[in-house]
Amino acid sequence: MKSSSHNLPKISPDWQLTQPWTAKHLFIGIALLAVLAFTGSRLEMPRMFKEIGEALGYSVGLTEKSPVAAGLARIGNSLFPIQIAEVTEVSRIENFDRNNLPLFARIEIQETKTAHLNHETLQMETGIEKKEMLVAPLGYLKTVLVKMGETLEIALWATVLAILLSIPLAYYAASNYSPNKLTYFLARSSISLLRSVPELITALFLVLAFGFGPIAGVLALALHAAGFLGKFYAEDIENADRKPQQSLEAIGAGKLKTLWYGVLPQVIPQYVAYNLYILDRNVRMATVIGLVGAGGIGQELKGRFDMFHFSHVGTILVVIFITVLLLDQFSARTRKKLL
Amino acid sequence: MLKFHSVSKRFDDGTQALSTINLDIPKGQFCVLLGPSGAGKSTLLYMANGLVTSTTGQVEIDGKMLNRTNIKSIRQTVGMVHQQFNLTPRLSVAMNVLSGALPFVSYLRAAVMWYPRALRERACNLLAEVGLAPEHLSRRVSELSGGQQQRVGIARAFMLEPRLLLADEPVASLDPRVSREIMALLRDEAKRRGTTVVCSLHQPELAVEFADRIIALKGGKLVFDGSPDELVAAGLDGIYQLDAPKPTPANPALHVAPQILEALA
């Protein structure tokens with residue numbers, strides 16, 4: 001059968017449709033694989049894959065033993081069941097009022113076996129020691145939730161401060177609005193500086209300056225996030241559609257008003273998305289920077305971890321997880337509404 | 001009103017966009033700059049409010065020479081209508097129109113978008129004049145059709161109560177029927193207020209129908225300056241057909257213009 005292409009008129013040989021992939025792309029691919037192979041062997045990646053494989057095999061009964069699976073099981077057993085109740089020895093509570101217990105709380109008798117030496121018979125004797133314990137069934141959960149609330153407050157304030165700080169930074173760091181090269185350079189370099197120092201390090205220094213507590217945490221998070229927001233705000237300003245801006249420049253509206261009416265409405269959805277991301281990130285980071293004493297749930301986490309109270313650590317982790325999950329839902333909804 | 005004193009423009013890449021143009025446009029005239037794309041219409045238009053600076057020569061508006069120091073205050077008296085409407089997409093129709101009065105509004109008011117009653121009334125009157133309905137006020141401009149968007153653009157341009165209105169190909173992205181509506185609207189609004197209009201167009205039939213005076217440019221040179229009747233009499237050969245491909249049956253667009261001119265004459 002004759003191909004129909006024979007009927008088409010001859011076109012110029014300049015028309016050539018090349019394939020999307022060439023030897024160059026293949027070479028780049030191979031080079032990337034080589035880099036991965038080299039760094040992978042330095043980072044013990046083969047061992048990682050082997051041990052993960054072993055652990056997976058162990059979990060379905062294919063492998064005899066797996067140190068990784070055993071380690072994970074140990075962690076799991078110490079974290080769960082999580083600690084929800086608060087148990088306190090009654091004798092340690094000052095001004096304890098037996099007739100006026102806190103809500104839902106009850107008193108339990110805890111019996112512990114003790115062994116002590118009888119000095120007369122020189123025999124070991126076992127006895128039973130009874131301790132009265134006040135059990136508040138949701139007591140520890142409440143403590144953690146209060147700490148989580150504090151963490152959320154830290155994250156909220158850090159986000160607000162970051163936004164306020166990054167607005168002027170973004171204005172000067174947007175090449176089409178910055179008054180001159182020097183301001184542009186200064187703004188860009190401060191943004192890079194802010195972003196390059198990790199929150200945890202900033203928090204360490206700020207704890208030295210402001211002492212333990214939320215101030216150091218809020219500032220550390222705000223400074224880092226301002227670097228992030230400043231960069232992204234500025235880039236959106238630069239990439240915004242020029243046409244509305246031109247029409248306002250043409251009537252002599254001035255730079256600030258042009259920015260407000262010609263750029264901001266265009267970039268608002270992205271800005272909201274960035275802010276929500278920063279809020280989300282700040283909540284997660286606020287839990288971490290507590291580790292260096294900058295307030296919030298991290299401080300509690302570190303204390304419990306150092307005392308080997310792993311079931312308490314479990315509670316804290318579960319609460320953080322649920323909070324981040326809820327926050328994610330919240331930001332997804334807010335974004336949808338605003339778009 | 002608007003005078004060009006031997007202006008010329010050479011761009012950095014060496015293209016000579018305009019060479020020695022002298023023009024005097026009196027108050028209240030509806031003046032069309034006609035020419036194919038690349039003729040220098042937009043360059044000349046943008047020179048009138050300093051969006052493009054002339055390489056040589058000067059621009060005079062109301063007896064004042066345009067220079068670096070007075071450019072902002074002069075721009076605040078010159079309205080502008082754009083080919084792509086240049087409205088802010090996510091802003092409401094009302095806010096887009098009000099933004100036309102931004103030079104007269106304090107920074108605080110501009111920031112909180114809280115406009116004085118007089119400006120709000122002016123915006124409503126203008127929107128009614130250009131043929132929009134009250135329910136359009138709170139709509140985003142991106143929800144409007146092209147013709148409606150250009151109506152908003154025209155309303156915004158008149159918010160300044162400009163003495164001079166520059167229209168850069170105001171109907172180039174609209175279909176022919178809507179184009180005529182928009183041109184008629186622009187002309188009526190300008191005539192009612194006595195606003196001088198300089199409007200660039202590439203459609204000779206629209207120029208002939210709506211202009212008081214037609215200035216034709218080709219290759220950066222002035223090739224015609226006169227009334228529409230004179231243009232019809234002179235024909236369009238000088239502007240369009242000298243180095244354009246000859247009209248062919250397969251390309252009727254190229255000779256549609258003379259037919260329409262005959263029908264109008």
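## Nonpolar cores, a helix pair and the A–B contact

In this predicted model, the largest nonpolar core has 80 residues, and the residues with the most contacts inside this core are Val97(B) and Val198(B). Leaving aside residues up to four places away in sequence, Val97(B) touches Ala123(B), Leu126(B), Leu127(B), Val152(B), Ala155(B), Arg156(B) and Met159(B).

Within chain A, helix H4 (residues 139-173) and helix H7 (residues 214-239) pack with their axes 6 Å apart and at an angle of about 40°. The crossing in which H4(A) passes H7(A) is right-handed.

The two chains also meet, in a contact that takes 17 residues from chain A and 23 residues from chain B. On the side of chain A that touches chain B, helix H8 (242-250) and helix H9 (255-289) of chain A each supply at least two residues, and H9(A) gives the most, with eight residues.

| Contact | Nonpolar | Polar | Charged |
|---|---|---|---|
| H4(A) with H7(A) | 21 residues | four residues | one residue |
| Side of chain A that touches chain B | ten residues | five residues | two residues |

Methods
Residues numbered from 1 in each chain as written. Chains lettered and ligands numbered in written order. Predicted model: local features only at pLDDT ≥ 70, side-chain atom pairs only at ≥ 80, totals over all residues. Contact = placed C-beta atoms within 7 Å. Helix = DSSP H or I, 4+ residues; strand = E, 2+ residues; numbered from the N terminus. Nonpolar A, V, L, I, M, F, W, Y, C, P; charged D, E, K, R; others polar. Axes fitted to C-alpha atoms, helices over the stretch in contact; angles between N-to-C directions. Left-handed = near helix turned anticlockwise from the far one by under 90°. Core = buried A, V, L, I, M, F, W, Y, C linked by C-beta atoms within 7 Å. Buried ≥ 20, exposed ≤ 12 C-beta atoms within 10 Å, placed from the backbone.
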